[in-house]
Amino acid sequence: MLDILDDMDRPGQTGYLLLNDEGAVLSSSGDLENDERTAATIMGLINLTSQVDSKAFPPEEGFKKLSFVYDDHCYIICLSNRKIHVVKKKLPTDIPSNIV
Amino acid sequence: MEKKLETVMDELIARPGVVGCVFADHQGLCLGVTGKASDDSAGIIHAIAEEAARLEPKSKPPVILLENDNRSCIITTTGTVTGAIFKSIN
């Protein structure tokens with residue numbers, strides 16, 4: 001199953017990490033191969049985001065997707081089946097750098 | 001400074017889908033809050049922005065986007081100020 005995920009062709013993908021719910025690296029490839037430091041930072045961020053504004057976001061709702069957008073690339077993080085999927089991908093250059 | 005931030009917050013809250021926003025300084029202290037958001041979250045949004053900047057210390061801080069089916073939150077840092085914008089998707 002993990003091999004199938006590794007081989008999946010996602011357009012623009014330059015790296016991939018699969019973590020368990022304790023933050024251990026189960027699988028990795030590309031730019032994020034064996035990147036324990038990124039894995040630790042991402043786990044810290046997931047723990048922090050569970051406490052974001054309780055007035056604007058009811059705590060029972062939680063988040064499904066977390067993205068970190070840089071000028072030319074981004075990290076997209078999704079939680080599924082008690083595993084954390086992290087994809088690093090290149091962004092098309094024609095979108096504005098400031099998305100806000 | 002406060003007047004300018006208030007103007008920015010008024011402009012933001014008037015945008016479609018925006019339900020609230022909060023701004024924090026370099027210590028995570030609340031600079032301003034408007035709409036459906038709590039000043040208690042200034043510290044946490046600053047902590048999230050600081051932790052995210054550690055992902056790639058050589059790049060400029062990323063724009064952080066948190067999403068679920070109904071809502072989204074955008075966190076961005078400019079200079080020493082961190083801002084969070086809360087949006088409702090419906």
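**Salt bridge, interface and core**

Modeller: The side chains of A:Lys88 and A:Asp31 are joined by a polar contact of 3.3 Å. This is a predicted model: local features need pLDDT of at least 70, side-chain atom pairs count only at pLDDT 80 or more, and totals for chains, interfaces and linings use all residues. Residues are numbered from 1 along each chain as its sequence is written, chains are lettered from A and ligands numbered from 1 in the order in which they are written, and side-chain values use heavy atoms, without hydrogens and water.

Colleague: What makes the link between A:Lys88 and A:Asp31 a polar contact?

Modeller: The rule wants a pair of N or O atoms within 3.5 Å; within protein, one must be able to donate a hydrogen and the other to accept it, and residues adjacent in sequence count only if both atoms are side-chain atoms. The value here is 3.3 Å, so the pair qualifies.

Colleague: Why is A:Lys88 called buried?

Modeller: Buried means under 20% relative accessible area, exposed over 50%, and partly exposed in between (1.4 Å probe, protein chains only). A:Lys88 has 13%, so it is buried. It is found in strand 5 (residues 83-90) of chain A; strands (E, at least two residues) and helices (H or I, at least four) are DSSP runs, numbered from the N terminus.

Colleague: Why does B:Asp40 count as exposed?

Modeller: Its relative accessibility is 66%, so it counts as exposed. B:Asp40 lies in the loop between strand 2 (30-35) and helix 2 (42-53) of chain B.

Colleague: What makes B:Glu56 and A:Lys88 a salt bridge?

Modeller: A salt bridge needs a side-chain nitrogen of Lys or Arg within 4 Å of a carboxyl oxygen of Asp or Glu. Here N to O is 3.9 Å, so the pair passes. Four salt bridges are counted between chain B and chain A.

Colleague: How many residues of each chain are in contact across the interface?

Modeller: 32 residues of chain B are in contact with 31 of chain A. Contact means heavy atoms within 4.5 Å.

Colleague: Which residues have the most contacts inside the largest nonpolar core?

Modeller: They are A:Phe68 and B:Ile75, in a core of 35 residues. What makes it a core is a set of buried Ala, Val, Leu, Ile, Met, Phe, Trp, Tyr and Cys residues joined through side-chain atoms within 4.5 Å. Apart from it lies another core of seven residues, including B:Leu12 and B:Ile85.
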